[in-house]
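Visitor: I am new to this protein. Please put it on screen, and then I will ask about its helices and pockets.

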Amino acid sequence: MRVAVFDLDGTLTRHDTLWPYLCAWQRSHPSPGFWPGVAFASARWLLHRDHGRLKSRLIRIAMGGTRREDVAAHTQRFVEALGAADLCPGALAAIERHRAAGDRLVLLSASVDLYVPAIARRFGFDEAVCTEIAWSGDRLDGALASPNRRAGEKLRCVLDLRARFPGTAFTAYGNARTDFDHFEAVDEAVLVNAGPRLRRQALRRGYRTADWRNKPPPAAVQSA
């Protein structure tokens, strides 16, 4: 058995997932304070450049105080609506190859547990590791309940996985420069969907590269 670790945004999907998730909520639950709040949070981000803090603020602006059952219903609609325009066919093919080989599939993402575990279930992952969001009783708080699972934090998560599966070979897939941190802790690293400059950096480090955006997916993994 091999452990295959997949990034989400830009790797399994063609784009970020948090912003579409929040915008979909705003369309169905319009709030006059949403766009002014987003503008203020974005301006603050330019000062501190803290991705986790921005993530928390956007969630609180869009969905803070929402009941758990309403968040769950929105998540189900959002995940079920992911289609060809959102997903990278090559990623679906890679998932199927690993599943057919009997490998353990892990979805590792800086995106949040409001929907990442649901995406993992849809595509047949064995587990999801992602940024956790706090609740206040039955209401969504929106604060981060874990570190933001990006860059060095992804490395820590991969090292935890390696401790759980000693002696097992690991493959990791990601699309960003920040994924190089945890690439260093696996046996095989593959950079996907990146531009020429980042591909050159990856090749110098001994990572493979691939473009997953245009390959036809096997039908079996459209919804596992």
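Visitor: Is the crossing of helix 1 and helix 4 left-handed or right-handed?
Guide: This is a predicted model: local features need pLDDT of at least 70, side-chain atom pairs count only at pLDDT 80 or more, and totals for chains, interfaces and linings use all residues. Helices (H or I, at least four residues) and strands (E, at least two) are DSSP runs, numbered from the N terminus. A crossing is left-handed if the near helix is turned anticlockwise from the far one by less than a right angle, and right-handed if clockwise. For helix 1 and helix 4, the crossing is right-handed.

Visitor: At what angle do helix 1 and helix 4 pack?
Guide: Axes are lines fitted to C-alpha atoms (for helices, over the stretch in contact), and angles run from 0 to 180 degrees between N-to-C directions. The axes of helix 1 and helix 4 lie 11 Å apart. Their packing angle is about 115°.

Visitor: Which residues of helix 4 make the contact with helix 1?
Guide: Residues are numbered from 1 along each chain as its sequence is written, and side-chain values use heavy atoms, without hydrogens and water. Contact means heavy atoms within 4.5 Å. Helix 1 brings P20, Y21, A24 and W25. Helix 4 answers with D70, V71, H74, T75 and F78.

Visitor: Are helix 1 and helix 3 roughly parallel or antiparallel?
Guide: Helix 1 spans residues 18-28 and helix 3 spans residues 51-63. Their axes come within 9 Å and cross at roughly 15°. Angles under 35 degrees count as roughly parallel and over 145 as roughly antiparallel. Helix 1 and helix 3 are therefore roughly parallel.

Visitor: How many charged residues does the contact of helix 1 with helix 3 have?
Guide: L18, Y21, L22 and W25 in helix 1 meet K55, L58, I59, A62 and M63 in helix 3. Ala, Val, Leu, Ile, Met, Phe, Trp, Tyr, Cys and Pro count as nonpolar, Asp, Glu, Lys and Arg as charged, and the others, Gly among them, as polar. This contact has 8 nonpolar residues and no polar ones. Its charged count is 1.

Visitor: Which residues in helix 3 does helix 2 meet?
Guide: Helix 2 covers residues 34-48, and its axis comes within 10 Å of that of helix 3, crossing at roughly 170°. That makes the two roughly antiparallel. From helix 2 come F34, G37, V38, A41, S42, R44, W45 and H48. In helix 3 they meet H51, R53, L54, R57, L58, I61 and A62.

Visitor: Where does the largest share of the lining of the largest pocket come from?
Guide: Among the 22 lining residues, D9, D16, K55, A110 and R150 are the closest to the pocket's centre. By class, the lining has 7 nonpolar, 7 polar and 8 charged residues. Helix 1, helix 3 and strand 2 (104-112) each supply at least two residues. The largest share, 4 residues, comes from helix 3.

Visitor: Which helix gives the most to the lining of the second largest pocket?
Guide: The lining includes R68, D113, Y115 and W135. Helix 4 (68-81) and helix 6 (116-122) each supply at least two residues. The top contributor, with 5 residues, is helix 4.

How values were computed
Angles under 35 degrees count as roughly parallel, over 145 as roughly antiparallel, 65 to 115 as roughly perpendicular and the rest as oblique. On a 1 Å grid over the protein atoms alone, a cavity is a set of points where a 1.4 Å probe fits but cannot get out, and a pocket is an open set with protein on both sides within 12 Å along at least five of seven lines; lining residues have an atom within 4 Å of a point.
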